[in-house]
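Here is a short briefing on one protein chain. Look at the sequence and the structure first, then read on.

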Amino acid sequence: MRVTFLGTGSAMPTGERFQTGVLVQENGRTLLVDCGSGVLHRLQQSGVGYERISTVLLTHHHLDHVADLLPLMKARWLAGEEHLEIVGPQGTKALVDDLLDVHEYMQDKLDLQVREVVAGEFSVAGFDVSAYETRHSLPCLAYRFGDLFTFSGDTEAFAGLANFAEGSAILAHDCSFPDDVDVSNHPTPETLGTALAGREIGRVYLTHLYPHTEGRHDEMLESIGTHYDGDVRFAEDLKTISVE
Ligand SMILES: [Zn+2]
Ligand SMILES: [Zn+2]
């Protein structure tokens with residue numbers, strides 16, 4: 001399996017990190033998880049291209065995870081790709097309908113399939129996926145792809161989600177802010193390290209990074225390291241990891 005970070009930023013731009021998007025590829029199958037602002041460009045830069053994205057899986061409906069959905073639809077339509085499946089938590093149908101209400105001319109341009117999923121097991125784009133409800137300001141699902149990859153989506157750090165991710169070769173986890181930012185709905189290194197303490201995870205990538213984290217990576221890793229002694233790194237846009 002290949003996991004490519006298309007966007008490792010958040011709702012506030014850093015100038016370097018685009019909003020959330022993760023590409024999951026295995027045996028010729030391709031799935032885009034989340035489609036925030038900038039992801040359409042990153043898809044092009046990644047060499048995969050928007051033409052090969054026929055399924056998008058959403059963690060939740062915040063703008064920084066869905067902003068490029070319509071641009072993706074329009075680009076696919078212009079490129080003659082007629083199909084797109086959008087899968088996400090409850091409310092995804094209403095979201096897509098409402099987006100198309102605003103940009104009416106995009107209605108009926110694509111053969112659009114929209115599917116809502118809940119926590120548990122399901123299959124999407126040929127991948128067997130487990131979903132787990134996170135703790136965030138909107139309903140949000142974390143997704144796990146077998147023993148290879150878990151993506152936290154947006155969430156506070158907590159034991160239930162750490163249990164869900166345990167045993168993964170790769171975990172990409174929200175780590176929005178450094179410790180001195182008072183925040184709910186997202187982790188800080190301290191809360192993330194505490195939740196991960198004692199877990200068996202191959203490697204953890206920190207993502208969903210606000211500008212507040214710039215220049216503070218070392219201290220953030222140190223803070224996590226006081227609780228969790230595993231391999232932890234910062235994700236970067238367009239970084240690809242091969243997992244077996
Ligand atoms: Zn969010
Ligand atoms: Zn977000």
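R144 stands opposite T150 in strand 10. This is a predicted model. The points below start from the sheet, then move on to a cavity, a helix and some single residues.

- An open sheet is built from 7 strands in the order 7-8-9-10-11-12-13, and its pairing is mixed.
- Strand 7 (120–124) and strand 13 (232–234) are the edge strands, each pairing on one side only.
- From one strand to the next, the twist averages 25°.
- Helix 7 (residues 217–225) packs on the sheet and touches strand 12 (203–207) and strand 13. The direction of helix 7 makes about 155° with that of strand 13.

**Strand 9 in detail**

- Strands of a sheet pair through backbone hydrogen bonds, and the pairing is either parallel or antiparallel.
- Strand 9 pairs with strand 8 (residues 127–133) in the antiparallel sense, over 4 bridges.
- Which residue of strand 9 is the bridge partner of A131? The partner is Y143.
- Strand 10 (residues 149–151) also pairs with strand 9 in the antiparallel sense, over 3 bridges.
- Here Y143 stands opposite F151 in strand 10.
- Strands 9 and 10 form a hairpin, with 3 residues between them. In the turn, G146 has a positive phi of about 55°.
- How many residues of strand 9 (residues 141–145) are buried? The count is 5 of 5, and the strand is mostly covered.
- In a regular strand, side chains alternate between the two faces of the sheet.
- Both faces of strand 9 are covered. L141, Y143 and F145 are buried on one side, and A142 and R144 are buried on the other.

**The cavity**

- Rolling a probe the size of a water molecule over the atoms shows where empty space is left.
- The count comes to 1 cavity of 30 Å³ or more.
- The largest cavity has a volume of about 40 Å³.
- Its lining consists of A157, F158, L161, A162, A165, L171, H173, L192, A195 and L196.
- Helix 5 (159–165), strand 11 (170–174) and helix 6 (189–196) each supply at least two residues of this lining.
- The lining of the largest cavity divides into 9 nonpolar residues, 1 polar residue and no charged ones.

**Helix 3**

- Which residues of helix 3 (residues 69–78) are buried? They are L69, L70, L72, M73, A75 and R76.
- G80 follows helix 3, and the phi of G80 is positive, near 85°.

**Residues in loops**

- T20 is in the loop between strand 1 (2–7) and strand 2 (21–26).
- Is T20 buried or exposed? T20 has a relative accessible area of 3%, so T20 is buried.
- Leaving aside neighbours within four places in sequence, T20 is in contact with several residues, including D34, C35, D64, H65, F151 and H208.
- D108 is in the loop between helix 4 (92–102) and strand 6 (111–116).
- D108 is not a glycine, yet its phi is positive, about 65°.
- D108 counts as exposed because its relative accessible area is 77%.
- N185 is in the loop between strand 11 and helix 6.
- N185 is a residue other than glycine, and its phi is positive, near 75°.
- N185 counts as partly exposed because its relative accessible area is 23%.

Key:
Residues are numbered from 1 along each chain as its sequence is written. Chains are lettered from A and ligands numbered from 1 in the order in which they are written. This is a predicted model: local features need pLDDT of at least 70, side-chain atom pairs count only at pLDDT 80 or more; totals for chains, interfaces and linings use all residues. Side-chain values use heavy atoms; hydrogens and water are left out. Buried means under 20% relative accessible area, exposed over 50%, partly exposed in between (1.4 Å probe, protein chains only). Two strands pair if DSSP finds at least two bridges between them. On a 1 Å grid over the protein atoms alone, a cavity is a set of points where a 1.4 Å probe fits but cannot get out, and a pocket is an open set with protein on both sides within 12 Å along at least five of seven lines; lining residues have an atom within 4 Å of a point. Grid points are joined across faces, edges and corners, and a volume is the space filled by probe spheres set on the points. Ala, Val, Leu, Ile, Met, Phe, Trp, Tyr, Cys and Pro count as nonpolar, Asp, Glu, Lys and Arg as charged, and the others, Gly among them, as polar. Axes are lines fitted to C-alpha atoms, for helices over the stretch in contact, and angles run from 0 to 180 degrees between N-to-C directions. Contact means heavy atoms within 4.5 Å.
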